[in-house]
Amino acid sequence: MTSASYDTAPAGGATALPYPNAESRSAALHARARTVLPSGNSRATVFFKPYPLYAVSGAGCLVTDADGVARIDFLNNYTSLIHGHGHPAVLAAAGKQIETMTAVGLPTESEIDLAELLVDRLASVDQVRFTNSGTEAVMMAIKAARAYTGRPAIAKVEGAYHGAYDFAEVSQISLPTNWGAADHPASAPAYHGQPQSVLDEVVVLPWNDVAASKALLEANASRLAGVLIDPMPSRVALSKIDPDYLDMIRSFTAKSGALFILDEVFNLRMGYRGAQGALGFQPDITAMGKIIGGGFPVGAIGGKAAVMSVFNFDEGRPRISHGGTYNANPVTMAAGRAAMEAMTPEAFARLADLGERLREGLRAALRDANVPGQVSGDASLAMLSLNETPIRTYRDLVGAARHGERQVAIQQRLLNRGILTSPALMFALSTAMGAAEIDHLIAEMRSALRDG
Ligand SMILES: Cc1ncc(COP(=O)(O)O)c(C=O)c1O
């Protein structure tokens, strides 16, 4: 879809309703949902105030809501739909597999096919195990690190999101009231009732603070199974890992025997050889998800054969047992292989160029409107944050939250101008987009910022 003109003109002749509108079908569906789902919802990220739009169909870079309004999809299912909706090769592969068999209590060749592709692309990965979500991938990566080292604890970055496994969630949403000193963050609970024993096994690191993180890691070296790192955490406003920070963690893990666990669930998008290829290093374990499933539920972990041997059961009981009714589901595997095959080096390069065009355009829009803020991200991801001082850490982001209402107003305005994005103003591009979609977003952001 490369049409240059975008309005909220609805498909199929229905009447376009501005968002929010109490008369809309989405508002009615949300009211209905609230009786059978807590707050009407199964997934925190898809809710926005006052009610979320309900989707009915997607095609290419467009998604159409229950009131017939089509918008350019800049969420792409929170980054997993790297080809947008209904990529022909992905549909064909999934369709063929659905007709043949949807699930089975035996392994299938499709699992080998996708594993081979990942092993071929990621230098640090000799072997792979599939899961059903990124949450499970991170969970299995942490368990594998424990099984490999015989140690219980992990280190992770304050505010970084790694899914819903208890240990990975620690300090994901800490607050000034419980987050402790900046150079020694407290292990703060992520939910009411989270066990103290979980918090005790997690060392929380301040993002990109080399000296403070090094001291914390060294003080806990003998009990650390692994250090869990997302190289561009979404909840730290897509701020990239500093090369010095990466080097420090690499040398700490090499020296201490703790494993470097790279969470690429979000950031495998960074390039043909993933974030690790872009950063030029090899982690001990990689957690994957999102784009490798072709739009279906997925996760995976990969690593060198020595590390992955914790799953081996050739000689009796494995060090870690891993089951899962839907692991390596053949529909996901077939769709994932087709989606990843279509992500050639050229496709990644084209997306990165579009990403750069977007980031540059958004920066110019902020400058020209004289609005304080920043644009972050890399490759096919961008985020615009309204803040007076730079956001480099999770704490900076929490401090900038006072601008949240203004961001929500911009999100709502964009929704009424044919653009789907989140209240955090995050943008994930797809190969179904071209320069016209990017330029439409830049133009609309420009007028939103100018009009205040
Ligand atoms: C970095 C990172 N890790 C893990 C996850 C969890 O993945 P899933 O939502 O598939 O469970 C996410 C999800 O957004 C993520 O961004």
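This is a predicted model: local features need pLDDT of at least 70, side-chain atom pairs count only at pLDDT 80 or more; totals for chains, interfaces and linings use all residues.
View 1. Strand β2 covers residues 62–65 and strand β3 covers residues 70–73; the two pair in the antiparallel sense over 3 bridges. Within this pairing, T64 stands opposite A70 of β3. The two strands form a hairpin, with 4 residues between them. G68 lies in the turn and has a positive phi of about 85°. β3 also pairs with strand β15, residues 419–420, here in the parallel sense and over 2 bridges. D73 has L420 in β15 as its bridge partner.

**View 2. R235 and its contacts.** R235 sits in the loop between β9 (224–229) and α8 (243–256). Its relative accessibility is 30%, so R235 counts as partly exposed. Leaving aside residues up to four places away in sequence, R235 touches T45, G159, Y161, Q172, Y394 and L397. R235 and L397 are 162 residues apart along the chain, while their C-alpha atoms are separated by 8.1 Å.

View 3. Around the ligand are S133, G134, T135, Y161, H162, G163, D230, D263, V265, F266 and K290. This shell divides into 3 nonpolar, 5 polar and 3 charged residues. A polar backbone atom of G134 is 2.8 Å from an oxygen atom of the ligand. T135 places a polar side-chain atom 2.8 Å from an oxygen atom of the ligand. For D263, a polar side-chain atom lies 2.7 Å from a nitrogen atom of the ligand. The ligand taken alone exposes 390 Å², and the protein buries 83% of that.

Methods. Residues are numbered from 1 along each chain as its sequence is written. Side-chain values use heavy atoms; hydrogens and water are left out. Two strands pair if DSSP finds at least two bridges between them. Buried means under 20% relative accessible area, exposed over 50%, partly exposed in between (1.4 Å probe, protein chains only). Contact means heavy atoms within 4.5 Å. A residue is near a molecule or strand if one of its heavy atoms lies within 4 Å of it. A polar contact is a pair of N or O atoms within 3.5 Å; within protein, one must be able to donate a hydrogen and the other to accept it, and residues adjacent in sequence count only if both atoms are side-chain atoms. Accessible areas come from the Shrake-Rupley method with a 1.4 Å probe; for residues, only the protein chains shown count as cover. Ala, Val, Leu, Ile, Met, Phe, Trp, Tyr, Cys and Pro count as nonpolar, Asp, Glu, Lys and Arg as charged, and the others, Gly among them, as polar.
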